[in-house]
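Keep the sequence and the structure in view while reading.

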Amino acid sequence: MSTESHILVIDDDIDIARAARLLLVRHGMRVSTAVDPAAAWVVLASERIDVILLDLNFVRGHTSGEEGFAMLDRLVAADRHAVVIVVTGHSGIAVAVQAMRSGATDFVIKPWHNERLLATVERGIALRRAKLEIAAAPPVTDELLLGDSSAVEHARDIITLIAPTAASVLAHGPAGTGKSLVARLIHRGSSQADGPFVTLDAAAADAAMIAEQAALAAGGTLVIDHIDRLPRALGADLTKALSAARIVATTRLDRAELSRAIGEDLVDRVGTIDIVLPPLGHRTGDTLLLARHFLALFAYRHGKPPKPLSDVAAHAITTGHWPDNVRGLRQAMERAVLLAGGDMYVPDDFLLSPGAMPDRPRTPDLSLARNEEALISAALGRHAFNVSRAAAELGLTRAALYRRMARYGL
């Protein structure tokens, strides 16, 4: 571990602080200590700290953690990238879990195993670096028509050619394929990019709404969403409004079907240029590219550390069925960024349907330790970390459950 890693141990027990310092220094880290929050702020004001080991109690005989929680709140408020690891005794596991819900990154139980403490601190250092890298990185843009498939490359080429013109555009494609994105890209590349960008929902439109939205879009772009749902009686009203702004219309129908729905004359007026977006399943090789992009986008947007995809997750995403196309993939990646645990993404993080996973024989996991840890973790989750209820369900005493929680770092 690099000597650049600087750890602050806040603990009133000098022996505990010394033991942590000796261990971490031996592994190449720089360590400062403070006996209470007041002393800790002196260090924090003058030093760059990567990870903070925080005891929750600083008054002999107190076990509520009141002082530690107050310090934790101040640390998180002062630095949203702070990595705080709570240090607690066996009887304080529930308190430590509460601290994690208040912003702590992890916790270590006293007396600790050196390997456990070291691994926890090293994970904390990696998390701190990832948080700072995300903060320093430029924003990941959401305004890209990504893909290497020929259909998407063709769509990008057309957008590049016609965006600077005043030509009306008709974007075709199933739901969730990116028609609204095409409209925004055309507007952004046009000479009216500084003008208004207005959307008219054709299904909900009436004559007054058409006139109002067209007036608002004057000098900019009017997007007619789901133009195939426009009542035929309103065709003349829409035709009158077409001269006010650049027109981009979207539809799930092809040109022939759309002509039957709203009339060939109106289709010709709104569709000088056609851009066709295929369903995600027809975009060979694009699914995984998009998934990685959305994971990076939402990690940045929500301030989460970036994580890799496991090989099995990447395969499941590539071969999965995405009924809502790019939109569905995008939503699944955002949910995973917000909710997934672990050091890398696995298929369960994306709520993939059973059909998304390839069929393969399953070998039973015969590890007693892994199965016990899974059972305990599941019981604690079902009972919101109420140790008494989880112990009762598992047929254990509270003390026995605490020992197992400590063993598995739960």
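## A buried strand

In β3, the residues Val-51, Leu-53 and Asp-55 point one way, while Ile-52 and Leu-54 point the other way, and all are buried. The model is predicted. Since five of the five residues of β3 are buried, this strand is largely enclosed by the rest of the structure.

Strand β3 pairs with a strand on either side. With β1, the pairing is in the parallel sense and runs over four bridges. Leu-8 has Ile-52 of β3 as its bridge partner, and Ile-10 stands opposite Leu-54 in β3. With strand β4 (residues 84-89), β3 also runs parallel, and four bridges join the two. Here the bridge partner of Leu-54 is Val-86 in β4.

## The sheet around β3

β3 belongs to an open sheet of five strands, paired in parallel, with the order β2-β1-β3-β4-β5. At the edges are β2 (30-34) and β5 (106-110), each of which pairs on one side only. From one strand to the next, the twist averages 20°. As background, the strands of a sheet pair through backbone hydrogen bonds, either parallel or antiparallel.

Two helices lie across strands of this sheet. Helix α1 lies across β1, β2, β3 and β5, and runs at about 170° to β2. Helix α2 (residues 37-46) lies across β1, β2 and β3, and its angle to β1 is about 165°.

## The cavity

Where is empty space left inside a protein? Rolling a probe the size of a water molecule over the atoms shows where empty space is left. In this model the count comes to one cavity of 30 Å³ or more. The largest cavity has a volume of about 40 Å³.

Which elements each supply at least two residues of the lining of the largest cavity? They are β1 (6-10), α1 (14-26) and β3 (51-55). The largest share, three residues, comes from β3. The residues that line the largest cavity include Val-9, Ile-10 and Asp-11, as well as Leu-53, Leu-54 and Asp-55. Val-87, Trp-112 and Leu-117 are also among them. By class, the lining of the largest cavity has nine nonpolar residues, no polar ones and two charged ones.

## A second sheet

Another open sheet has five strands in the order β7-β8-β9-β6-β10, and the pairing is parallel. β7 (197-201) and β10 (273-276) stand at the edges with a single partner strand each, so one side of each has no neighbour in the sheet. The twist averages 20° from one strand to the next.

Within this sheet, β6 (residues 169-172) and β9 (residues 246-251) pair in the parallel sense over four bridges. One of the residues involved is His-172, whose bridge partner in β9 is Thr-251. Helix α7 (residues 179-188) lies across β6, β7, β8 (221-225), β9 and β10, and runs at about 165° to β9.

## A loop residue

Ser-190 is in the loop between α7 and β7. Is Ser-190 buried or exposed? Its relative accessible area is 8%. The limit for a buried residue is under 20%, so Ser-190 is buried.

Apart from its neighbours within four places in sequence, Ser-190 is in contact with Ala-163, Pro-164 and Arg-246. Ser-190 and Gly-220 are 30 residues apart in sequence, and their C-alpha atoms are 8.9 Å apart in space.

## The largest pocket

The largest pocket has a volume of about 1,000 Å³. It is lined by 27 residues, of which Thr-105, Leu-127, Pro-305, Gly-342 and Asp-343 are the closest to its centre. The elements that give two or more residues to this lining are α5 (114-136) and α14 (325-339). The largest share, seven residues, comes from α5. By class, the lining of the largest pocket has 13 nonpolar, eight polar and six charged residues.

## The chain as a whole

The chain has 17 helices and 10 strands. Of its 410 residues, 44% are buried. Among contacts between residues at least 6 apart in sequence, 70% join residues at least 24 apart.

Terms used:
Residues are numbered from 1 along each chain as its sequence is written. This is a predicted model: local features need pLDDT of at least 70, side-chain atom pairs count only at pLDDT 80 or more; totals for chains, interfaces and linings use all residues. Side-chain values use heavy atoms; hydrogens and water are left out. On a 1 Å grid over the protein atoms alone, a cavity is a set of points where a 1.4 Å probe fits but cannot get out, and a pocket is an open set with protein on both sides within 12 Å along at least five of seven lines; lining residues have an atom within 4 Å of a point. Grid points are joined across faces, edges and corners, and a volume is the space filled by probe spheres set on the points. Ala, Val, Leu, Ile, Met, Phe, Trp, Tyr, Cys and Pro count as nonpolar, Asp, Glu, Lys and Arg as charged, and the others, Gly among them, as polar. Two strands pair if DSSP finds at least two bridges between them. Axes are lines fitted to C-alpha atoms, for helices over the stretch in contact, and angles run from 0 to 180 degrees between N-to-C directions. Contact means heavy atoms within 4.5 Å. Buried means under 20% relative accessible area, exposed over 50%, partly exposed in between (1.4 Å probe, protein chains only).
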